[in-house]
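Hi there,

Here is the structure I promised to pass on. My notes on its cavity and pocket follow below it.

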Amino acid sequence: MLHLTLRQLEIFCAVAQSGSTVAAADAVGLSQSATSAALQQLEGALNTLLFERVGRSLVLNDAGRALLPQALSLLEQARSLEQALGNGGAGLPVRLLVAASTTVGSYVLPPVLAALARSHPHISVDVRISNTRKVAQAVELLEADIGLIEGSSHWSGLQVQPWIKDELVIVAAPSDALVHAAQSKPVGVGVLRQARWLLREEGSGTREMVEHALLPRLQQLRATATLGSSEAIARCVVQALGISCLPRVLVQSMLDDGSLVVLPTSLPKMERYFSIVQRTGKHASPALQAFLDACMAHAQP
């Protein structure tokens, strides 16, 4: 337990520099009696005298001379810290802990981090990538300052803010038989029920959203394989191992180069939001607010 305060050290330095408690009181904005009392408390906490009285003046003794440079250094550090935080944290190095689900962390977050680095170079970000369930748990347990997820959150202690809209698309390899069949008419519900589906693992935001979008219409999804990475699923679809329903932001480059195609189906367009997750009641520090601002700027069309 600390017995010293910065205020006591400030008063000590003022007395050392002015030579009296009267002059020091004016410098620190206290009464002479309060200044004397604070000095006595400091000497009591240290169990040693710091001054010798010479006439009406106070002169540092050996213990006081040893303390003065250290006290001045501590006060300077405190002033620097106060100035940095008082300016919205603009001069203070800060490290944020961000948890992000796989698709968001791999495909959406990088440009946000780049924008933040340009506008706030003093902010560093550590990113933990896992599935939506684990991201929500990390935020709930204060293991992360903020979370970015694909699905919805079912934790009552979390505040969920819709962030960026993305489309879920059913993709296939150009050589897949369903693609050839779709050239005459869109693939119907009956065929999709019997298709070979490649799906994410339980707890994934993408898996949850796919089931939410497809199960009411298909009643079943026959999983040929379950993988822990949406990118791995996309690569397997490229090899014609099955079809999948994946975020457009993840497969867009593969659609552009022709290694994947969007399978025409009779299903309506499927959209979902990426979301920002925070613990309910959590105060946004200047650094965290800067990160949130960068996220929202990225969401602008």
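The largest cavity has a volume of about 50 Å³. This is a predicted model, where local features need pLDDT of at least 70 and side-chain atom pairs count only at pLDDT 80 or more, while totals for chains, interfaces and linings use all residues. Residues are numbered from 1 along each chain as its sequence is written, and side-chain values use heavy atoms, with hydrogens and water left out.

On a 1 Å grid over the protein atoms alone, a cavity is a set of points where a 1.4 Å probe fits but cannot get out, and a pocket is an open set with protein on both sides within 12 Å along at least five of seven lines; lining residues have an atom within 4 Å of a point. Points are joined across faces, edges and corners, and a volume is the space filled by probe spheres set on them.

Searching the whole structure gives 1 cavity of 30 Å³ or more. Its lining consists of Leu-198, Leu-199, Arg-200, Thr-206, Arg-207, Val-210, Ser-244 and Cys-245. Strand 7 (197-200), helix 9 (205-218) and strand 9 (244-247) each contribute at least two of the lining residues (DSSP runs numbered from the N terminus: helices are H or I, at least four residues; strands are E, at least two).

The largest pocket holds about 150 Å³ of space. Among its 11 lining residues, Arg-133, His-154, Gly-203, Ser-204 and Glu-208 are the closest to the centre. Helix 6 (132-140) and helix 9 are the elements that give two or more residues to this lining, and helix 9 has the largest share, with 3 residues.

Happy viewing!
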